[in-house]
Amino acid sequence: MIYSKLTAALQNYPDKPFIISPSGQWSYADIHRNAWSIANKLGRINPSRIAAYMPDSPGLIALVFSAAMHGRSLALINRELSTGQVRATLKKLRVQLVISDSDENLGCEQLPAGELAESAGAVELAPQVGKFAEAELILLTSGTSGAPKCIRYLWSDLLAQVVKQTPSDDEHWLLAYRLNHFAGVQMFCHVLVNHSTLVLTESSSVADAVAAMVEYRVTHVSSTPTFWRFALAFLVDVRSQLQLRHITLGSEAVSEDLLRRLQELFPCARIVHIYALTEAGSCISVSDGKPGLPIAVLQRPTSAPVQFRVKAGELLVKTRHGMTDYLDQPKLQARDAQGWLATGDLVKIEGERILFIGRRSETINVGGVKVHPLEVEGALTSLPGVKLVRVYGRDNPVVGQIVALDLVVDEGWEPKTVEAAVREACLSLPRHSRPLSINLVNALKTNNFKLARREAELL
Amino acid sequence: MGGLDCLLTQSANHASRQRSDKLSLDIDIIAMIATILKHQGLPEQEIRHSSTLYDEGIGLDSLCVAELSAMLEKTYGRDPYTSKQLPMTVQDIVDFYGGG
């Protein structure tokens, strides 16, 4: 399925750049050639389940096609995991071959990532293309609010979520998520189906991402609100050199303040925020410049590909092309008997809008009163001098948990002045919601540009 | 200065330092409680060593005490509430840190 999309692009645009990275440029024909070459190599080893633990690169993208050509399952392992965690994950997934840039023993047969490049160009045998109807992709959830789970997707379900658009010659998408992240795979699929160009960055830093936007004439960027908040400081300086036409925000709740700041900076860009879940797939994109979802989505007919419902304050979704299952927990049912998936996202309805107030797992219990971090953060993010805030629960012997706040101050601001302004603003919140512990920090830990929120991750 | 004089002087200095540390601890804890009242939007009031922390005294409620516990823990690395003690007065907190 995924391979057929490559051949379709090859027939129409063989010489069009598919991948641009700091190490060079690869056309659709180049990636196709490399994919065949790697597929030959895999054919000789013949593993049933393959994993990749390597940086995002043209080699990794060629490998994705190669594994699919053989109908093999491919697991993309998070780069943030330690060697021990990688070894445990590979064992849990019963991976037989891992392609990796690591010199460590990962507990199964290893093929150095460098050898993929060496094999390029040496086409010997035709891989078993077409023999296998479907190939699987295995990803780990981000684990920002719990232990990561291994999810299994059919490529056909991932590709069915992509909206086919009229191809544009100069559409350059920045890969601001990692490929081992569901949102990164979605972006890869979007570029492939629409015969666009995918730009890879030197590293996962925001500065490198902004540098790539300038250098490779990036027109489309999709990332998290946290990424955009970090990027704003860099973008102001290079705005005149940018050709951004499309900005997407996803994976976290979006605030009105951030939407406004991006629109002011890029008045000609189309700004969209999307709601997607690793388990359910892409659900909706919203482009009216307001946070949350329009309440009309609750009235969608049962024939709609994506339906929404609110039950006990939690958003439920029903999608046609979500994941197959949790590979590591096959008995764990993500959906109920009718196919509804409880998203874990708590919402409230205000007027014509469904607004996100936080994850169920992140709710802070202050003496029996539930506090939602996003509501507290929302009251503070637009204050002058506030660069980033993270609200979370901290254990407390008196009331069980208190609201704690990590605060990053904008450059050029006096931290104590900003802290005083934050405390003043907190007085407008209900007493239980006011942060009782405010910590001035230089940076906030992120996981794939999402704020890390589990207390264990913050320590 | 003879040996005994030297010992007496050292002892006097030690006692003076202890008094100074205790005074500093008293002042810090009283300032902390005043800050909490301000954070919680409660009226200012005179706070003494003998002041009762709750109800008819300073009137700290559970949220104020939760903040006091967090602040003491952050400043001194431990606090009476986490140690399952319930100080009734400002002096009890000072005593917890060996300032009595």
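Modeller: Before we start, a nonpolar core here is a set of buried Ala, Val, Leu, Ile, Met, Phe, Trp, Tyr and Cys residues joined through C-beta atoms within 7 Å. Also, this is a predicted model.

Biologist: Fine. Which residues touch the most other members in the largest nonpolar core?

Modeller: A:Ala51, A:Ala52 and A:Leu174 do, in a core of 111 residues.

Biologist: What does A:Leu174 touch, leaving out residues up to four places away in sequence?

Modeller: A:Leu174 is in contact with A:Val199, A:Ala209, A:Ala212, A:Met213, A:Val218 and A:Val221. Another core, of 38 residues, lies apart from the largest one. Its members include A:Leu380 and A:Tyr392.

Biologist: What comes just after H7(A)?

Modeller: A:His195 does, with a positive phi of about 55 degrees.

Biologist: Switching to strands. What is the order in the open sheet of five?

Modeller: In chain A the order is E15-E20-E19-E17-E16, and the pairing is antiparallel. Strands E15 (293-294) and E16 (306-311) are the edges, each pairing on one side only.

Biologist: How many bridges join E17 to E19?

Modeller: Three bridges join strand E17 (residues 314-319) to strand E19 (residues 341-350) in chain A. A:Val317 stands opposite A:Leu341 of E19(A).

Biologist: And the domains of chain A, where do they run?

Modeller: The domain assignment puts domain 1 at 2-346 and domain 2 at 363-458. Their C-alpha centres lie 31 Å apart. The contact between them takes 19 residues from domain 1 and 15 residues from domain 2.

Biologist: Which helix gives the most to the domain 1 side?

Modeller: Helix H9 (residues 225-238) of chain A, with three residues. By class, the side of domain 1 that touches domain 2 has five nonpolar, nine polar and five charged residues.

Biologist: Last one. How many residues does the contact take from chain A and from chain B?

Modeller: Chain A gives twelve residues and chain B gives 13 residues. On the side of chain A that touches chain B, six are nonpolar, four polar and two charged.

How values were computed. Residues numbered from 1 in each chain as written. Chains lettered and ligands numbered in written order. Predicted model: local features only at pLDDT ≥ 70, side-chain atom pairs only at ≥ 80, totals over all residues. Pairing = 2+ DSSP bridges. Helix = DSSP H or I, 4+ residues; strand = E, 2+ residues; numbered from the N terminus. Buried ≥ 20, exposed ≤ 12 C-beta atoms within 10 Å, placed from the backbone. Contact = placed C-beta atoms within 7 Å. Nonpolar A, V, L, I, M, F, W, Y, C, P; charged D, E, K, R; others polar. Domains from an automatic or database assignment.
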